[in-house]
Amino acid sequence: MTDTKEADMGGARLELTVDAVANGGWCVARHEGRVVFVRHALPGERVVAEVTEETARFLRADAVEILEPSPDRVTPPCPFAGPGRCGGCDWQHATLEAQRRLKADVVAEQFRRLAGLDRKVVVEEVPGAEDGLGWRTRVRFAVERDGTTGLRKHRSHEIEHVTECLIAHPGVEEIGAERLTWPGAASVEVVAASGGDRAVIVEPVPRRRAAIPDVDAAVLLDEGRRGTRALRGRASLTERVGERDFRVTASGFWQVHPGAAATLLAAVLDFGRPEPGEWALDLYCGAGLFAAGLAEAVGPEGAVLGIESEPQAAQDARFNLRDLPQARIERGRVEEALDRLRIERADLVVADPPRAGLGRPVVERVAGLEASRVVYVSCDPATLARDVAWFGEHGYRLEDLRAFDQYPMTHHVECVALLVRD
């Protein structure tokens, strides 16, 4: 049962004074004692906001007129951004400096509220997108029944038709998927890898055959539970970090900002300080980015175990670490694999879980390993702060925290936390 009700105030226009930023690309305002979450606004502004949704506890609204603008406000560079338009970007109406301050405020607020910790947070620029545009190396386009494409509007199944996406990497835009028609497709995902490979992944409408236009890229068909099948070209891409190449299944996970993989690897190694001969774990290891760095650091006298539940990612990781005999990849859910392999201790643990975070059972299992350092990589400050609080119940404290602007123009932020045993 949802708390969303028939919007008695739907479409109503309210004059509001905007207060602090909230997680998710919103700012907070109040109307007659009720909280209003407002998009397309900035803290301190006076706006006219149109109500888009009413729940039993709060309203959601879009700022449709700016009465008193913030000095941080700019004209969005993308013509498809704004109230009722494409939902892919949250902060195109703010300067990049302001976006990073807003994200820092969100991270700090989540740690205060969920972990009881006061932290000074600075969101750092990630090299490769100085103007905040042209960074997204993987873009999924929705497809209409007539084969035309676009991007979803915010909290909607409606599609905004775009001629280009300004945050998309040039390699994605070279394919021109949004300017082609894709009859019979439900979605089209375009990937531009750092090694120069390009791939298009087509999800067909159930019981229909997708008609795929001629594109200068590998073409894969998304067959649901059966995975993806290459129709033309290779099913994998090459990503390069430093002097090492990584094979990544085209439909698999890799950081979407071109500078993110190298930035995160450096942060993980800086926090983790892996030493020769140590025993390290890389949980949710994906294609093996962190496991490779850890294995090189601990050397042949050390050992690294990577754990990954997704079959193709685990296979890619084994391939990518084949020259590092001290590294081993195990497929399975983290807690199940740790129990099955009877892992009872580690010197260092690195974890990069999905947005849902580790969760209490995994936190308890990892804490039981009594590693002196846990490096936690997270794309969601709320689940990170929650898990940090749970680690605190097991004798770990937050030693350091860094935040990175891997997703300019959006509300998303990547964090790396260092937890140490007291």
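Q: Leaving aside its neighbours within four places in sequence, which residues is glutamine 255 in contact with?
A: First, a caution: this is a predicted model. Contact here means heavy atoms within 4.5 Å. On that basis glutamine 255 touches Thr137, Ala260, Ala261, Leu264, Asp352, Gln406, Tyr407 and Glu414, with neighbours within four places in sequence left out.

Q: Where does glutamine 255 sit in the chain, and is glutamine 255 buried or exposed?
A: Glutamine 255 belongs to the loop that runs between strand 16 (244-249) and helix 3 (260-272). Buried means under 20% relative accessible area. Glutamine 255 has 7% relative accessibility, so it counts as buried.

Q: What does UniProt list for "binding site"?
A: The unreviewed UniProt entry lists Gln255, Tyr284, Glu308 and Asp352 under that heading. Such annotations may be inferred rather than shown by experiment. Tyrosine 284 is in contact with both Glu308 and Asp352.

Q: Where is tyrosine 284, and what else is tyrosine 284 in contact with?
A: Tyrosine 284 is placed in the loop between strand 17 (279-283) and helix 4 (289-298). Apart from neighbours within four places in sequence, its contacts also include Ile307, Val334, Pro353, Pro354, Leu358 and Val362.

Q: What is phi in glutamate 370, and where does glutamate 370 lie?
A: Glutamate 370 has a positive phi near 60°, and is likewise not a glycine. Its loop is the one between helix 7 (360-367) and strand 21 (373-378). With 55% relative accessibility, glutamate 370 counts as exposed.

Q: What is the strand order in the open sheet of six strands?
A: The order is 1-5-6-4-3-2, and the pairing is mixed. Strand 1 (13-17) and strand 2 (21-22) are at the edges; each has a single partner strand, so one side of each lacks a neighbour in the sheet.

Q: In which sense do strand 4 and strand 6 pair?
A: Strand 4 (residues 34-39) and strand 6 (residues 58-68) run parallel, paired over five bridges. Phenylalanine 37 has arginine 60, in strand 6, as its bridge partner.

Methods:
Residues are numbered from 1 along each chain as its sequence is written. This is a predicted model: local features need pLDDT of at least 70, side-chain atom pairs count only at pLDDT 80 or more; totals for chains, interfaces and linings use all residues. Side-chain values use heavy atoms; hydrogens and water are left out. Helices (H or I, at least four residues) and strands (E, at least two) are DSSP runs, numbered from the N terminus. Buried means under 20% relative accessible area, exposed over 50%, partly exposed in between (1.4 Å probe, protein chains only). Two strands pair if DSSP finds at least two bridges between them.
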